[in-house]
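Please read it alongside the sequence and the model.

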Amino acid sequence: MPTIHYILKDGTTRAVDAKIGASVMETAIRGNVRGIDAECGGCCSCATCHVYVDDAFLELLPPPDDMESALLDAVASERQPSSRLSCQLNVSAALDGLTVRVPDTQV
Ligand code: FES
């Protein structure tokens, strides 16, 4: 079972076991990770599941599609090259150890 690491606003890291096929957002919610609001429930319409992906894992992810990219322009914290919407990132075995940082704010 892959493990996803979430770096929280206070600098601590939470490790959550993830189900293959679940999103990084769903894994965070199930693991009670604070700072990922996910107000739309994963419909790619709220931009409150923003995370910064560790550079080491960026190449393993498919690039954001047009809808995700448009929403990333509207995130509350600064968009960076590593910015992604965690509801659009599906866990696979290759993503074991994926590390994402929660932004300062989602709203
Ligand atoms: S949960 Fe709303 S865009 Fe990801």
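Helices (H or I, at least four residues) and strands (E, at least two) are DSSP runs, numbered from the N terminus. On that basis the chain has three helices and five strands, and along the sequence these follow the pattern β-β-α-β-α-α-β-β. The model is predicted: local features need pLDDT of at least 70, side-chain atom pairs count only at pLDDT 80 or more, and totals for chains, interfaces and linings use all residues. Residues are numbered from 1 along each chain as its sequence is written, and side-chain values use heavy atoms, with hydrogens and water left out.

**Overall dimensions and packing**

- Along the principal axes, the C-alpha atoms fill a box of roughly 30 × 30 × 25 Å.
- Buried means under 20% relative accessible area, exposed over 50%, and partly exposed in between (1.4 Å probe, protein chains only).
- By this criterion, 47% of the 107 residues count as buried.
- Contact means heavy atoms within 4.5 Å.
- Among contacts with a separation of 6 or more, 63% come from residues 24 or more positions apart.

**Sheet layout**

- Two strands pair if DSSP finds at least two bridges between them.
- The five strands form an open sheet with mixed pairing, in the order S2-S1-S5-S3-S4.
- Strand S2 (13-17) and strand S4 (83-85) are the edge strands; each has a single partner strand, so one side of each is left without a neighbour in the sheet.
- From one strand to the next the twist averages 35°, where axes are lines fitted to C-alpha atoms, for helices over the stretch in contact, and angles run from 0 to 180 degrees between N-to-C directions.

**Strand S1 and its partners**

- S1 pairs with S2 in the antiparallel sense over five bridges, and with S5 in the parallel sense over three bridges.
- Ile4 stands opposite Val16 in S2.
- His5 has a bridge partner on both sides: Ala15 in S2 and Thr99 in S5.
- The hairpin of S1 and S2 has five residues between the strands, and Gly11 takes a positive phi near 90° there.

**Strand S3 and its partners**

- S3 (residues 50-53) runs antiparallel to S5 (residues 99-101), with two bridges joining them.
- S3 also runs antiparallel to S4, joined to that strand by three bridges.
- Tyr52 stands opposite Arg101 in S5, Val53 has Val100 in S5 as its bridge partner, and Val51 stands opposite Arg84 in S4.
- In a regular strand the side chains alternate between the two faces of the sheet.
- In S3, His50 and Tyr52 point one way, while Val51 and Val53 point the other way; all are buried.

**Thr3**

- Thr3 lies in strand S1 (residues 3-7).
- Its relative accessibility is 18%, and Thr3 therefore counts as buried.
- The Thr3 side chain makes a polar contact with the Asp17 side chain at 3.1 Å; a polar contact is a pair of N or O atoms within 3.5 Å, of which, within protein, one must be able to donate a hydrogen and the other to accept it, and residues adjacent in sequence count only if both atoms are side-chain atoms.
- Leaving aside neighbours within four places in sequence, Thr3 is in contact with Ala15, Val16, Asp17, Leu95, Asp96, Gly97 and Leu98.

**Leu98**

- Leu98 is found in the loop between S4 and S5 and is buried, with a relative accessible area of 0%.
- Not counting residues up to four places away in sequence, Leu98 touches Thr3, Ile4, His5, Val24, Val53 and Phe57.
- Leu98 and Val53 are 45 residues apart in sequence, while their C-alpha atoms are 7.9 Å apart in space.

**Cysteines**

- A disulfide is a pair of cysteine sulfur atoms within 2.5 Å, and a search of the whole structure finds zero.
- For Cys43 the closest cysteine sulfur is that of Cys40, at 4.8 Å, which is too far for a bond.
- Cys43 counts as exposed, because its relative accessibility is 56%.
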